[in-house]
Structures are given as C-alpha cells and as structure tokens.
Amino acid sequence: MEMTSAAPERLRAAGLRVTVQRVAVLEALTARPHASAETVYSRLRGDLSGVALPTVHGILNDLTGAGIVRRVSLPDAASALYEVQDDFDNHHHLQCVECGRVEDVACAVGEAPCLHPSHDHGMRILEATVTYRAICSDCERKK
Ligand SMILES: [Zn+2]
Ligand SMILES: [Zn+2]
Ligand SMILES: [Zn+2]
C-alpha cells in the first residue's frame, strides 16, 4: 500500500510509529467517519489481508489515546463509533433512531462545554455531549 495521505504525518506528529495498518485505519476513518471497530475491520479486510479484528481494536485504542481519533458513544449505536479528531473541533451529532445514520452538526454555541449545569457539584465541566436523536427522511418515508 502506498502512503501518500496525510495519515503518516498525523501519526508522526502524535508520536506514534507509522505502520501500514495504522495508516489504513486512519484513512478509513477519514473517508467515512462514525464507524465502529467492526465496520473499519470489514472495510480493511479487502485491501489489507491478514489484519485481525483485535488488531483493529488495538489500533483504534492507540489512536484514541494519542488524541488523533475520538470515540463517540451514541445512544442508538450498539458499539462505540470512531472519527478523526480535529483540534478545536466541537461538533455534535445527529443520529437517526431507525437506521443509525450519523451526521455531524456544528455546535450551536461555538465552544465547549456548550451547556452549563445548574449545579456542578464542585467539578470542572469539560464538555457537554449533545446528540440530536432524529428520523431521517428515508426512514420517515418507509413508515
Ligand atoms: Zn434513518
Ligand atoms: Zn462526528
Ligand atoms: Zn455545542
């Protein structure tokens, strides 16, 4: 596989060793974000023979730990979804409760933590995770 994308550069900048498999995972997430480990695995199987699901899980953990990838837990997704994390990016998610389709939406407020609780119990608020639960037009039509 040719390494021509920005992925090797991002790995290096985060202090991670550049491997073909890490680059492939990062590229797969860049092309189509909000993918589960299983989805990434099934996309890689075609062009990266020999990659195992536990390896994909391990790579996603490494990338998440290094801050390149963000783990997104959404109420209507069976497993955690992953997307490439950009600095200063504070977007939220719109999710179809029927088919699970996920779209990014810009934060209406502009900066974290977006919402402030009436009482913080002495904790410093880092972020509010906002998920808009919705029904997409395709699923609406099928009803
Ligand atoms: Zn839908
Ligand atoms: Zn997103
Ligand atoms: Zn917000």
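Begin by selecting histidine 92, which sits in strand S3 (residues 92-96); strands here are DSSP runs of E of at least two residues, numbered from the N terminus. This is a predicted model, in which local features need pLDDT of at least 70, side-chain atom pairs count only at pLDDT 80 or more, and totals for chains, interfaces and linings use all residues. Residues are numbered from 1 along each chain as its sequence is written, chains are lettered from A and ligands numbered from 1 in the order in which they are written, and side-chain values use heavy atoms, with hydrogens and water left out.

Histidine 92 is buried at a relative accessible area of 5%, where buried means under 20%, exposed over 50% and partly exposed in between (1.4 Å probe, protein chains only). Beyond its neighbours within four places in sequence, its contacts include Asp104, Cys107 and Cys114 (heavy atoms within 4.5 Å).

Cysteine 107 belongs to the loop between S4 and strand S5 (131-134), so its pairing with histidine 92 ties together parts 15 residues apart in sequence.

Then move to the zinc ion (ligand 2), with protein donors His34 (NE2), Glu83 (OE), His91 (NE2), His93 (NE2) and Asp104 (OD) at 1.9 to 2.2 Å. Glutamate 83 in strand S2 (residues 81-84) and aspartate 104 in strand S4 (residues 102-105) are 21 residues apart; glutamate 83 is buried at 2% relative accessibility, whereas aspartate 104 is partly exposed at 39%.

How values were computed. Donors are N, O and S atoms within 2.8 Å of the metal (3.2 Å for Na, K and Ca); water is not among the atoms, so sites may look incomplete. Helices (H or I, at least four residues) and strands (E, at least two) are DSSP runs, numbered from the N terminus.
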